[in-house]
Amino acid sequence: MTSGVLPTVDKYLCSFQRWLPGHLASITDPEHVKTIRLFATWRVLPRLRARAERSHITPSVRRFAAEQIKYATAFLQWLGQRNNSLASCGQIDIDAWWAESSEHGRTCLRAFLSWAMQTRNCPRSLSIPAMKVSRRAALSEDERLDALGRLLTDTEIPIRLRVAGVIVLLYAQPVSRIVRLSVDDVVHDGGTVLLRLGEPASPVPAPVAALLLEHIANRDNMNTATNPASRWLFPGRRAGQPARPDHLSALLNEAGIPAAAARGAAIRQQLLELPAPVVADALGYHNKTTSRLIRETGGTWSRYAAGDHTRSPASRPPREAGDS
């Protein structure tokens, strides 16, 4: 792993694949084992592999995949206690499970029920209740600025947390993306420091730049035998791996920086100051995401067109001096 011989192997995908056989072995009903194995093979694992190829699997994604398997198993056992099976499951069973379960349990079971209906393992006429979407409130702008000021001045907070928190509060980056940054993403352009999150790279204000460069010069976990030449901005303890996003997020929360709420405040402030497509390109967001957020914040940039505005449309020649 240190030498990069296995760059495409995702450790959390491997962890899930090691966990699955043990879970299957704990199921006593052979039909349940068969069903769960099919669900894992044709629904859960393909999606994990696609995620690993596209970017990387975070600890929360790995946990959710395991929870999907666990709740699917629990649902089959629950049906058995009702002298029922997946094949004969009816709408009354779905409604009863929904009424008895937590919101998390309902969310985890949704993929299994969808897969079972698509593959005709249960009646296709079943209806899955709509998901309730709840979002954590973002920090206010005053709270965001107060948090930024504290991170820039409070030397009691470990410097890696100060840097990670500032990146969340200034650039609206999720912790899962922050841990994938390398020192090569910090660009020196003359006397200016830039942080490459998208295109173009984002300028770093002077106080933040000083903090960032100090962190790079004194990164944690660099004196171990496994990470002597690590390029990660936030090296982890394992060879060649960055810090775990769930661990870093928990530390930020302990330091008074709720990552999700801080990121929400930062992206909304960016969108009130700049066109949504510009923010999307610079911070690595999707245009659809920034367009939705700008509508929610009541901004006026939603009709801004991305691209080079100095060029004339292909069907219209450039205007020359004197043209009216």
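Colleague: Which residue in S2 stands opposite Val 186?
Modeller: Leu 195 stands opposite Val 186. Keep in mind that this is a predicted model.
Colleague: In what sense do S1 and S2 pair, and over how many bridges?
Modeller: Antiparallel, over four bridges. S1 covers residues 186-189 and S2 covers residues 192-195.
Colleague: And the hairpin, how many residues sit between the strands?
Modeller: Two. Gly 190 in that hairpin takes a positive phi near 70°.
Colleague: Switching to rings. How many aromatic pairs does a search of the whole structure find?
Modeller: Seven. One of them is Phe 39 with Trp 115, a tilted pair. Their centres are 5.5 Å apart, with 55° between the planes.
Colleague: Why does that pair tie together parts that are apart in sequence?
Modeller: Phe 39 lies in helix H2 (residues 30-54) and Trp 115 in helix H5 (residues 103-118), so the pair links parts 76 residues apart in sequence.
Colleague: Are Phe 39 and Trp 115 buried or exposed?
Modeller: Both are buried.
Colleague: What about Phe 75 and Trp 97, why edge-to-face?
Modeller: Because their planes are at 90°, and the cut-off for edge-to-face is over 60 degrees. The ring centres lie 5.2 Å apart.
Colleague: Which helices hold them?
Modeller: Phe 75 is in H3 (residues 59-81) and Trp 97 is in H4 (residues 91-100), so this pair ties together parts 22 residues apart in sequence. Phe 75 and Trp 97 are both buried.
Colleague: Back to Phe 39 and Trp 115. Which residue forms one aromatic cluster with them?
Modeller: Phe 112.

Notes:
Residues numbered from 1 in each chain as written. Predicted model: local features only at pLDDT ≥ 70, side-chain atom pairs only at ≥ 80, totals over all residues. Heavy atoms only, no water. Pairing = 2+ DSSP bridges. Phe/Tyr/Trp six-rings, centres within 6.5 Å; stacked < 30°, edge-to-face > 60°. Buried < 20%, exposed > 50% of the residue type's maximum accessible area, 1.4 Å probe, protein only.
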